[in-house]
Amino acid sequence: MTEAAEHEDAGLAARRMHELVTARAAHWRRTRRVTGLLLALWFATTFGTVFFARELAGLSILGWPLSFYLAAQGASLAYLAIIGVYAAVMLRADREFEQRQREIA
């Protein structure tokens, strides 16, 4: 193998490594952004249920105060929805990243 061919192979390997590192950084940026947004939603759900409990107690659903319903049922359903959204978004993001890795290699 000539010296020029070796330099060309090394350059190609360096470009692939750079693309891989860039793709990995983009994947983790997306992961952190999704996690941060969903944690903010989780916090808003938890804080809102407790903070507005007195005001919501005046409203009722099927004879139960709305604050009780939100604390007992609504917040739990919101948490389940947050988990479901996280799982779906991250599954798609992981598949896209794996596809990008295959394209680079």
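Guide: Histidine 27 lies in helix α1, residues 3-51; helices are DSSP runs of H or I with at least four residues, numbered from the N terminus. This is a predicted model, in which local features need pLDDT of at least 70 and side-chain atom pairs count only at pLDDT 80 or more, while totals for chains, interfaces and linings use all residues. Residues are numbered from 1 along each chain as its sequence is written, and side-chain values use heavy atoms, with hydrogens and water left out.

Visitor: Why is histidine 27 called buried?

Guide: Its relative accessible area is 11%. Buried means under 20%, exposed over 50%, and partly exposed in between, with a 1.4 Å probe and protein chains only; histidine 27 is therefore buried.

Visitor: Which residues does histidine 27 touch?

Guide: Not counting residues up to four places away in sequence, histidine 27 touches Met90, Ala93, Asp94 and Phe97, where contact means heavy atoms within 4.5 Å. The buried residues of α3 include Met90, Ala93 and Phe97.

Visitor: What makes leucine 77 exposed?

Guide: Leucine 77, found in helix α3, has a relative accessible area of 52%, so the word exposed applies.

Visitor: Where does α3 bend?

Guide: α3 bends by about 40° at glycine 74, the bend being the angle between axes fitted to the seven residues ending there and the seven starting there.

Methods:
Helices (H or I, at least four residues) and strands (E, at least two) are DSSP runs, numbered from the N terminus.
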